Amino acid sequence: MRVREEPAPPHNQPVTTTYGEVASAEGAWTQALRLPVAAPVGQVRRLLTNAARTWPVAAFLPGKGDEPVEDVLLYRDPSRTYGTPDVSACDVAVRALVSATGWTTVDGLSPFDVIVGLGLREGYEAGATQHSPDEVDDHLRALSTTGWRCRTARLVSARSIEHTVRWYAEDGVVVEAERRLLPALRAAALGCAQHRYVVTDVAAQRTYALQRATAEARRDERAVRHRR
C-alpha cells in the first residue's frame with residue numbers, strides 16, 4: 001500500500017518542535033548481559049540477528065564505532081505497527097540468547113528512574129550531521145549536575161519482517177537519570193534533531209516511544225517503520 005506523501009511546509013511556516021507519545025507498554029523491562037571476552041561488533045551483530053528471527057531486539061552496546069563489545073543492555077522498543085513483546089517473552093528470549101552465546105546475565109536494576117537512548121546523527125543517512133555526546137551532557141548539566149549518568153553507546157535494533165531480519169545501528173548515548181530530568185532529555189533530543197526515542201521508566205513501570213511531531217517527521221515515518 002502506498003503511503004501518501006505530505007507536502008513540505010512553506011519556508012515561512014514555523015515547524016513544530018515537540019514530541020508526542022506514539023506507542024507504549026506496561027512494565028520497564030531491561031536486561032544487562034556480560035560477554036566472557038570482548039567481542040568484535042560484527043560478531044555481536046550476527047548473534048543478535050539470529051536472536052531477532054524470533055524476538056525483536058533493541059539494545060545498547062556501550063562504546064562507539066568498531067570498539068569491541070564487552071556488555072549489552074537489552075530493552076523493549078514499543079511499536080504501534082508490530083506491537084511489543086511482554087516481559088515473560090523477553091525473559092524466555094534472554095534465556096535462549098544466553099544458551100546460544102555463552103553470555104551471562106547481570107543481576108540488579110539501574111539505580112536511576114529512567115533509561116533513554118539518544119542517537120547523535122540527524123536523520124538516517126550515513127553522511128548526515130553528527131552531534132557530540134558532550135551536547136547531551138550540556139543539556140543535562142544545565143538542569144542539574146547530579147542525578148544522571150551519560151555513556152556513549154551503539155544503539156542497535158533488529159526485527160524480522162517478512163522473514164528477513166532488518167538491522168539498524170548508530171552511535172549515540174544511553175542516559176540513566178532521575179525523572180525530573182526528562183525535560184533535559186527532550187531538549188537534548190531536539191538539539192540533536194532526533195526523530196524518535198524510547199523512555200524506559202523504571203519508576204513508573206512503563207515504557208513508551210516519543211516521536212517528533214512535525215510534517216517532516218511524518219514524511220520520515222516510512223523510513224523508520226521497519227526499524228521499530
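A pocket here is an open set of points on a 1 Å grid over the protein atoms alone, where a 1.4 Å probe fits, with protein on both sides within 12 Å along at least five of seven lines. A volume is the space filled by probe spheres set on the points.

This is a predicted model: local features need pLDDT of at least 70, side-chain atom pairs 80 or more, and linings use all residues. Residues are numbered from 1 along each chain, and side-chain values use heavy atoms, without hydrogens or water.

So, the second largest pocket. Its volume is about 360 Å³. Its lining, residues with an atom within 4 Å of a point, counts 20 residues. Gln31, Ala32, Leu73, Gly108 and Arg151 lie nearest the centre. Strand E2 (a DSSP run of at least two residues) gives the largest share, five residues.

Now the helices, DSSP runs of at least four residues. H3 (133-143) and H4 (182-191) pack at about 150 degrees, axes 9 Å apart. Axes are fitted to C-alpha atoms over the stretch in contact, and angles run from 0 to 180 degrees between N-to-C directions. That makes H3 roughly antiparallel to H4, a term for angles over 145 degrees.

Who touches whom? Val136, His139, Leu140 and Leu143 of H3 meet Ala184, Leu185, Ala187 and Ala188 of H4, with contact meaning heavy atoms within 4.5 Å.

Note on methods. Angles under 35 degrees count as roughly parallel, over 145 as roughly antiparallel, 65 to 115 as roughly perpendicular and the rest as oblique.
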